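Open your viewer and get ready to click around. We'll go from one stop to the next, with something to select at each.

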Amino acid sequence: RPRASSPPGFAGVAASCPAAAAHYEAAAAGAMAQLDEKRQRTVEQGWLDSSSEARTLLRKQPAAARESGVDPASVEYMDYCAHVGDVAGQVGMAHLYHSGTHGVPRDTAAAAHWFAAAAAKGDPMGHANLGLVRLRAGDGAGALPPLRRAAKRSDPSGWAGLGYAYYYGLGVRQDYALAAKALSAAARLGHLDAIFNLGVLALRGEGMEQSLHKAERFWRVAADFSHPMAQYYIGRMKARGLGTRRDCETALFFLQHAAAAWPAGNGLLETGLAAHEADRPQRALVHYLLGAHAGLEPALHNAGFLYAEAMPRRQPQLAASYRGAASEYFRRAAVLGSVDASIRLALLLSEDLTAEHSASSWRLANELYAEAARHGSADATWHLGYNYLKGRGLPKDWGRAWALMRDGGMHSRFAELRGPEKLLFSLLRAVYEARVFIVFAALGSFVLATGGKRAPGFGAGAAATAVWHEDDDAAADDFDEFDD
């Protein structure tokens, strides 16, 4: 709902948890629909790591920390190791052939060959993956022997494969109880898909007593370890209070992470980031706009950043229009809980210093900084302190300004300081970050000056012997409740 005192083009941006949860539930549902259904039933899953692609853009962008994948020389060496009989090389090449990545063509027959070669040397992973490949091909009878050998060697994928075989009746008679036992054995060894599927069995009452509460417990463990489907289910249950206490914040957290598993979304973010780093802002903007249309929070922020920073330099005559577009995308990202977007929007407001809107702009900017600071943003805390120092929409208060800027680490990634002010704050930051060294240097100087004499009360007679006792009430392991 727009604020009456907001300047034109800026609406109220208080984050709405229910609205954000509903938004991300729809995005997560789309992500789950595009995941390979077969991969959800086996250990061979490849969730994208979006830690680098989902970065928010900055004026001074740090170098990307993306991995470029397995380079051709490494693949060639892995292939050499496989041919000379190295088990790790054989398993590695089998995975590459099965997934068809890193320049290796997809070839399930070649994958099965190398898994079989590793299995012939007694490798548990070779046995397990050979069984899973055969299971996928519908060869239940051929899959059971390697899966059983892997299970006897305590391989979690071997137990999981046996669970799938019993559940679907592949090579054995269908038996939900035995499927649940095999998946439980895999779950005890940390197999996330097995933990998730135990939740499915508990929900359906197949092989165990039907229990929504028990399903939620299984899914919560898997969700905590980043299983996308479990995150989606936990998010929906928390949003509605199904089998658990309703908790919008927890629902939003898990739904956001589930939505991030969308392969195409990660591709858009990755391509946009690569274009931005190559100084091609228009190409980057196209990909971020596509991601923003799909509801990806980082794409919303980064589209706003490019509209605010890059596009006006390319087309100065359209700067006002680009600024309006930037404010809209920052606003949408801020409503979804993006702290960086809130700060960016506050900075845009700070630039609107016309006599008509100056007071309201500063007031709304400071509200945004305060809200972001309450969510733990050190950058927002610094900006709020800076506005106390300058009296921008707040009464001048040097003490409060110092306390806030100190809590913010004496700097902000978004600050644009110039001249003597930049030098002063750089010096303050250097002193603040070196405070521990300065304290130890002062203590060392004191010891040298006093000749190493002990202060009263610090001696053998005053020393206390610290004895550590193990806590008898240690928390139970999350896996203690799994049935045998």
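Which residue forms a salt bridge with Glu 328? Select Arg 331: the closest N and O atoms of this pair are 2.9 Å apart. A salt bridge here is a side-chain nitrogen of Lys or Arg within 4 Å of a carboxyl oxygen of Asp or Glu, and by this rule the count comes to 11.

Before moving on, note that this is a predicted model, where local features need pLDDT of at least 70 and side-chain atom pairs count only at pLDDT 80 or more, while totals for chains, interfaces and linings use all residues. Residues are numbered from 1 along each chain as its sequence is written, and side-chain values use heavy atoms, with hydrogens and water left out.

Both Glu 328 and Arg 331 lie in helix α16 (residues 319–335), 3 residues apart, about one turn of the helix. Helices are DSSP runs (H or I, at least four residues), numbered from the N terminus.

Next, select Glu 309 and Arg 344, whose side chains meet in a salt bridge (3.9 Å, N to O). This pair links distant parts of the chain, 35 residues apart: Glu 309 is in helix α15 (residues 297–314) and Arg 344 in helix α17 (residues 339–350). Buried means under 20% relative accessible area, exposed over 50%, and partly exposed in between (1.4 Å probe, protein chains only). Glu 309 counts as buried at 14% relative accessibility, and Arg 344 is buried too, at 5%.

Now go to Asp 407 and Arg 406, another salt bridge (3.6 Å, N to O). Asp 407 counts as exposed at 52% relative accessibility, whereas Arg 406 is partly exposed, at 34%.

Conventions:
Helices (H or I, at least four residues) and strands (E, at least two) are DSSP runs, numbered from the N terminus.
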